Each structure stands twice: as structure tokens, then as C-alpha cells.
Amino acid sequence: MRSYLAAFVIAAISAAILTPLVRRLALRFDVVTAAARRDVHDGRIPRLGGVAICLALFLPVVGILFVDSSVAERAFTNELTKVFGLCVGGLAMCCLGLVDDVRGVRALTKLFVQVLVASGAYLCGFRIEVILLPFVGELSMGIFALPVTVLWVVGIVNALNLIDGLDGLAAGVAFFAAVTNFVVAYINGSMMGALIMAALLGAVLGFLLYNFNPARIFMGDSGSYLLGYVLAVTALVGNSQKASTAISLLVPVVALGVPIFDTLFTMARRYLERRPLFSPDRGHVHHRLLDLGITHRRAVLILYGVSCLFTVAAIGIYLGRSWQVGIAMLVTSVIVVGLARFVGYFSILHLRKRQRARVRS
């Protein structure tokens, strides 16, 4: 536990020190986000915060390897391939986002690189081989393990990127999801997963000092891609048994309920509106909260609270017995439906239905 605490503290201090330095660097090279019509911020905000998160994440991990050889042997020696896939894949995702923040990258190019990195993670041992379906049991993926794993990683990466619309929102959501991953890895005895998550928690917390409303720096695509990838693959660490993989897949799905919920509802809404699925708009859950008259900071805190409830439900699913899992899933469903009604998603669907009926008449 001391190693995890040390990784958390070192990462938090590193992020708190590195973020202002990265901010100055971004301002010097004019890597900033100018306010646009669909944005909720004013002025020009630097957007290279993902670089500070990346450095703060891997710095304590590397430091502990050199300081405590026993931890290095227990955490990484037996999982060198996975360590390689997690570190190299995370750096690749961060670099992809960095290039997109600085110069811009075409959507198809970003998708191709993400699929390539996710495929590399699969080859390194991060695999979804079984899915647990309620009332059905375990469903083996077989030859579909690769596409399902790639879909999982790419989906989480882009879901976290889409939720990054308010100051501190994506970082806070990632923090709560990392808490779930840390608990699961710690109970499973996966020292590598727990150590990475402890460092991630510290890095995100240190970055939030400058990213919470009013934000002085954004994480940008470099940060959201990195966090999404690390959370996605770490959820599959330490699960050599198929049953464990099945259970752990349900846990991060619930833990990342806010970005997954927002992504699914956004795609459904755009489909019903006959608009491109990946076209930007102001229809995300955080935009809907602002449209209801809720202040920027309160909207973020509301989604923090929802993420916290999802985290508790996810841990309950992992630790509970069958009836406790059922209760946790029921609570999760109530949260999703309640959030959808609160932000008015159902009213949007009824409005579209009435509009189509008028057109037909």
C-alpha cells in the first residue's frame, strides 16, 4: 500500500508542478483554444494539459522501479508484455492527441491510429474473451475477441473525448473511473494495475487544480485519448480467468457510465435528426444542463455526483453477490433514466416524433 500511496503523491505533486510549465509552453507556441459558438468558455485557453498528465502519470512509475526493485519485480516482471502495451499505447494515444491539438488530424486518420493502437493492446494481452450477459451466462467471443476488444478501447477513448466539454469534467469522470479500476486491481492482486491507477489518480487530481472552473488550461485530445486508453486497458489487467474478464468488463462499463451514456444518446439523437454521427453540436449532456439554466460549475458537480454513484454501483457489482449485483444494476438503470429525463432527452425524442407526424399529415 505504501507504494501505491507514494505513486499517488508523486504523481499529484508532479502534475501540480508540470501543468503551469506546460501552460506557459502552450501560450508561447500559441497552442490555444479560441472560443467558438458551441464552446462554453471565453478567451484563449491553452490545451496541452494532456502532456502534463502523461509525464506525471509515468514519472512515479519509472521512479518506483529504480527506487524499489522488489516492487518492480512483483509489479512488472511477470507482466512485461502488458506493461509494454500499456505504456507504449498510452504514449501513442497521447502523441496522436498532441498532433491533433497542435496541427489537426483528419477524423479517419485518428480512427485508423486508434484502431492500430487498440490492436496492439490486444496482441499484448489486453483481451475481452468472454462477456457476461444477465440471465444468459458467459458468452465466449472466440474469433470476435479482437474486434470486440478494439471496439471497447476505441469506444472508451472517444467517449471520454466527447465528454470533455466543461472545465474539469473529463478529468473528474476519469478520476472516479480510476477509483473503480484501482479497487478491482487491488482486490485481484494486480500490482501493476493498482500502481498505474494510483499514479493516474494523483496525476488527474494535480491537473484538476488548474482545470476546474474557471479553467486555466485544457487537457486537449492528448489528455482525453491518454486517459481513455489507460482506463480501457487497465480494466482488463490481471484477469487471466475468463470469468474474471466477464465480471470486470461489466464493472468499467458502469464506472464509465457518464461518458458511455452521453455517447450513446448523442449518436441516437444525431441518427434521429438525420445528421452525421460524428458532427459536433451542443446536444451533449453537459450542454443540456447548461441550457436548463444550471451554472457551469454546478453542472460539473452534478455530473461528478452521478459519476460517484456509478462508481459505488460498479464496486458493488464487483464485490456483491447475485442479489447485490441485481440491486446495483437496478440503481444504475434508475440513474440513467433519471438523468435522461432530467436533461430532457425524452422530450427531444417526442418533439422529433411530433415534427415527423406533422410533415406526414
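A crossing of two helices is left-handed if the near helix is turned anticlockwise from the far one by less than a right angle, and right-handed if clockwise. The model is predicted: local features need pLDDT of at least 70, side-chain atom pairs count only at pLDDT 80 or more, and totals for chains, interfaces and linings use all residues. Residues are numbered from 1 along each chain as its sequence is written, and side-chain values use heavy atoms, without hydrogens or water.

Helices are DSSP runs (H or I, at least four residues), numbered from the N terminus. The crossing of H5 and H9 is right-handed. H5 covers residues 107-123 and H9 residues 220-234. They pack at an angle of about 30°, with their axes 12 Å apart. H5 is therefore roughly parallel to H9 (angles under 35 degrees). Axes are lines fitted to C-alpha atoms over the stretch in contact, and angles run from 0 to 180 degrees between N-to-C directions.

H5 contributes Lys110, Gln114, Val117 and Ala121 to the contact (heavy atoms within 4.5 Å). H9 contributes Asp221, Tyr225, Tyr229 and Val233.

Asn161 lies in helix H6, residues 145-162. Its relative accessibility is 19%, so Asn161 counts as buried (under 20% relative accessible area, 1.4 Å probe, protein chains only). Beyond its neighbours within four places in sequence, Asn161 is in contact with Asp221, Ser224 and Tyr225.

Helix H7 spans residues 169-188. Its 20 residues reach 29 Å from first C-alpha to last, close to the 28 Å expected at 1.5 Å a residue. Of these 20 residues, 14 are buried, so H7 is largely enclosed by the rest of the structure. Just after H7, Gly189 takes a positive phi of about 80°.

Technical notes. Helices (H or I, at least four residues) and strands (E, at least two) are DSSP runs, numbered from the N terminus. The expected span of a helix is 1.5 Å times one less than its number of residues. Buried means under 20% relative accessible area, exposed over 50%, partly exposed in between (1.4 Å probe, protein chains only). Angles under 35 degrees count as roughly parallel, over 145 as roughly antiparallel, 65 to 115 as roughly perpendicular and the rest as oblique.
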